[in-house]
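Here is a friendly briefing to read with the model open in your viewer.

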Amino acid sequence: MFFKEFEIRWSDTDANRHLANSAYINFMSHTRMAYLGLLGFNQKSMSAHNIGPVVFYEHVYYFKEAFPGMPVKVSLEFIGMSKDGMFFEFRHNFYDHKGKNFARCEMMGAWIDLKKRKLTGLPDKFLEAFESMEKAEDFKVLTKEDTRRYAQVPKDIEIL
């Protein structure tokens, strides 16, 4: 399992003086991109293939508060991917300096072709990198139907 360490800064807190929701999201994103960077996914390589990651959802579960000055460890578990690599799913856990789990997040995303602005499978080079990743015990091969698990439909308003 991959871990990234952070320290909660004053700017990571909200009006209640604990770790802000946006900081959880930022810590998870940084953890994912740090790990993907180790696999060869970086700005240069993604740009060469005109791809970028998009997030479908991030479901965060909060168990206990976290405060400024606390060291934080964020894990990354690879829990799903479609056969063509288009869709992926990760789980993050947040741990304090004593190893206590204070939050968890499940996220799903996909890869987008930055020229066509459409979802795309991964080039073989990146697919092989994903295949080499350690998989969680509950890893599953994702299908398009899995991406609809929490389906939401936009509802526009009428502008007068």
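The side chains of Asn-93 and Arg-104 are joined by a polar contact of 2.8 Å. A polar contact here is a pair of N or O atoms within 3.5 Å; within protein, one must be able to donate a hydrogen and the other to accept it, and residues adjacent in sequence count only if both atoms are side-chain atoms. Please keep in mind that this is a predicted model, in which local features need pLDDT of at least 70 and side-chain atom pairs count only at pLDDT 80 or more, while totals for chains, interfaces and linings use all residues. Residues are numbered from 1 along each chain as its sequence is written, and side-chain values use heavy atoms, with hydrogens and water left out.

**Around Asn-93**
- Asn-93 sits in strand β4; helices (H or I, at least four residues) and strands (E, at least two) are DSSP runs, numbered from the N terminus.
- Asn-93 counts as buried because its relative accessibility is 4%, where buried means under 20% relative accessible area, exposed over 50% and partly exposed in between (1.4 Å probe, protein chains only).
- Beyond residues up to four places away in sequence, Asn-93 touches Lys-73, Val-74, Ser-75, Glu-77, Asn-101, Ala-103 and Arg-104, contact meaning heavy atoms within 4.5 Å.

**Nonpolar cores**
- The largest nonpolar core has 35 residues, and Phe-41, Phe-94, Trp-111 and Phe-130 have the most contacts inside it.
- At least two residues of this core come from each of β1 (2-7), α1 (21-38), β2 (51-62), β3 (71-82), β4 (87-95), β5 (101-113) and α3 (124-131).
- α1 gives the largest share of this core, six residues.
- Another core, of six residues, lies apart from it and includes Tyr-57, Met-86, Phe-87 and Ala-110.
- A nonpolar core is a set of buried Ala, Val, Leu, Ile, Met, Phe, Trp, Tyr and Cys residues joined through side-chain atoms within 4.5 Å.

**The largest pocket**
- The largest pocket has a volume of about 150 Å³.
- Its lining includes Met-1, Phe-2, Tyr-35, Leu-76 and Phe-78, along with Glu-134 and Lys-135.
- β3 and β7 (135-142) each supply at least two of the lining residues.
- On a 1 Å grid over the protein atoms alone, a pocket is an open set of points where a 1.4 Å probe fits, with protein on both sides within 12 Å along at least five of seven lines, and lining residues have an atom within 4 Å of a point.
- Grid points are joined across faces, edges and corners, and the volume is the space filled by probe spheres set on the points.

**Loops**
- Pro-68 lies in the loop between β2 and β3 and is partly exposed, with a relative accessible area of 41%.
- The C-alpha atoms of Pro-68 and Asp-12 are 7.7 Å apart, although 56 residues separate them along the chain.
- Arg-17, in the loop between β1 and α1, has a positive phi of about 65° although it is not a glycine.
- Arg-117, in the loop between β5 and β6 (118-119), has a positive phi of about 60° and is not a glycine either.

**Overall**
- The protein has three helices and seven strands.
- Of its 160 residues, 42% count as buried.
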